[in-house]
Amino acid sequence: MNRPLIPYEMLDFLSDSVAVVDDKQQVIYANPAFDRLYNPSQDSSKKTLCWELQDLILRFQKSKKRFVSENVLIPPIGKKFEVFVYSLSDTGIGRKFSLVLVKMGDQPAVPEFILAEELVNAYINERRLISEPLAPEFKALIGEDINFRLALLNAQKAARSDLPIILKGESGTGKDILARTIHNISPCSQGPFVDINCAAIPDTLIESELFGYERGAFTGARGEGKKGLFEEADHGTIFLDEIGDASLSTQSKILRVLEEKKFRRVGGSKNIKVDVRIISATNKDLEKMISDGRFRDDLYYRMNTISITLPALRDRGRDVRLLANFFLGKQTRGHHKKISLSEGAFKVLETYSWPGNVRELKGVVDYAVTMSEEIEINPQSLPPFVFLKKSPLATDELLSRDIISIEKRTPLLSTTMKEVERNLIKLAIRKSGSKSEAIRILGISRRAFYYKLKEYNLESLFK
């Protein structure tokens, strides 16, 4: 029997007793609290619920309500419990599963019930999103990390339009590859793809490179003048890499192209019309550059119509191993012996901070293949610097990777969890007539309650 894609790891830590029941009334998952309360002597994967719980679930499924709660006598325990039941639809299997929440007490555990529902539904919504297929053109962008895959899916959707796109992320994360991929699947894919690194061209030349110049525009100019990159990219895509390095004067001309679809060559008086899709990229904080007066805010807001951020390699968990094997395969293609990375070498790579991201990882693998004389690459064959700069995420035996992978499925422990917690506190306050009652419903200390009120700016609810 297939199991639904539900984040069991998160349910394990709830104090409420939780079980997942399939359409045959079989328990396919039970958290530790449920096992301790209901029947710890049985294997939860084979457990059948008592008739009273089965009857409640059956009545709930027929009612088509969002959820039900009811006091139920549980014969195996000999006590009444407040039982919550609600169903989740697993997108991968298309079946209904009932999540049974059992908690002792006269008052329903509304906050914990909503917390479980928020966590599970957020997880399932994300799984539904990332299950969308990527076009074959994305094969050069390798990774299984959820945030990375979500960035690619957003890029795939953005490619269908002609809106400007800005790609953000550290150097070496693959912004240039993603820009070309967007072009290849866009409506203008038959047109040219022209890329320019704004940081590699002197500020005095970048304007003439982008827009071209007329005959005699400046000393050293070609006698016949020159087309600019915008003209060359007509009916195609122009990729402005490191846009943050463009001068304010150049920025104003780029803004005009975005707004009016025309520009003038350096030294020219005639407007030249172009139909160009603009994709830009930066590893700088453009918002800070705006406040410092080094980047035009009007240009930023036009270019930032669609913003896509590629995560740093150190934040992509086990993608380091996946990418290392990919680069190893490319580097050793044609070798008579199959070369592999040892587990020790993988652990070193997974604890390094990768300031140069994917580009740096490729260089490290190439170095290791060159330096290793064995068919298995050991840590001794890796460059010395990978032992010096450890990732802040690294811990002994990489145990934290499991926790990190849970966090990355949704922004649970950062954004979503805080938002859920804030909403639960507000709900408890609304349902109670006093702070003491709210504290009792939430099940936290008075000190913690006042701290949370201040943290989430909720003191005004009691004024």
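A disulfide is a pair of cysteine sulfur atoms within 2.5 Å. By that definition, this structure holds 0 disulfides. The model is a predicted one. Two cysteines can still be placed by their accessibility. Cys188 counts as buried, because its relative accessibility is 16% and the cut-off for buried is under 20%. Cys198 is buried too, at 2% relative accessibility.

Now turn to the sheet. Strands of a sheet pair through backbone hydrogen bonds, either parallel or antiparallel. Here an open sheet of 5 strands runs in the order β7-β10-β13-β6-β14, and the pairing is parallel. The edges are β7 (193-197) and β14 (306-309). Each has a single partner strand, so one side of each is left without a neighbour in the sheet. From one strand to the next, the twist averages 20°.

β7 pairs with β10 (residues 236-241) in the parallel sense, over 5 bridges.

Helix α5 (residues 146-158) touches β6 (165-168), β13 (276-282) and β14. Its direction makes about 155° with that of β14. Helix α6 (residues 175-184) lies across β6, β7, β10, β13 and β14. Relative to β6, helix α6 runs at about 155°.

Next come the aromatic rings. A pair of rings is described by the distance of the centres and the angle of the planes. The whole structure contains 9 aromatic pairs. Take Phe211 and Phe230. Their ring centres are 5.3 Å apart and their planes stand at 5°, so the pair is stacked. Phe211 belongs to helix α7 (residues 203-211), while Phe230 belongs to helix α8 (residues 229-232). The pair therefore ties together parts that are 19 residues apart in sequence. Both Phe211 and Phe230 are buried. Ring pairs also bring in Phe263, linking it with Phe211 and Phe230 into a cluster.

A second pair joins Tyr352 and Phe385. With centres 5.8 Å apart and planes at 55°, this pair is tilted. Tyr352 sits in the loop between α13 (343-351) and α14 (357-371). Phe385 sits in the loop between β16 (376-377) and α15 (400-409). Tyr352 is buried, at 4% relative accessibility, whereas Phe385 is partly exposed, with a relative accessible area of 38%.

Charges meet rings as well. The charged end of Arg316 sits over the ring of Phe148, 3.7 Å from its centre. Arg321 lies over the face of Phe346, at 4.3 Å from the ring centre.

How values were computed. Residues are numbered from 1 along each chain as its sequence is written. This is a predicted model: local features need pLDDT of at least 70, side-chain atom pairs count only at pLDDT 80 or more; totals for chains, interfaces and linings use all residues. Side-chain values use heavy atoms; hydrogens and water are left out. Buried means under 20% relative accessible area, exposed over 50%, partly exposed in between (1.4 Å probe, protein chains only). Rings of Phe, Tyr and Trp (its six-membered ring) pair if their centres lie within 6.5 Å; planes under 30 degrees apart count as stacked, over 60 as edge-to-face and the rest as tilted. Helices (H or I, at least four residues) and strands (E, at least two) are DSSP runs, numbered from the N terminus. A charge sits over a ring if NZ of Lys or CZ of Arg is within 6 Å of the ring centre and within 35 degrees of the ring normal. Two strands pair if DSSP finds at least two bridges between them. Axes are lines fitted to C-alpha atoms, for helices over the stretch in contact, and angles run from 0 to 180 degrees between N-to-C directions. Contact means heavy atoms within 4.5 Å.
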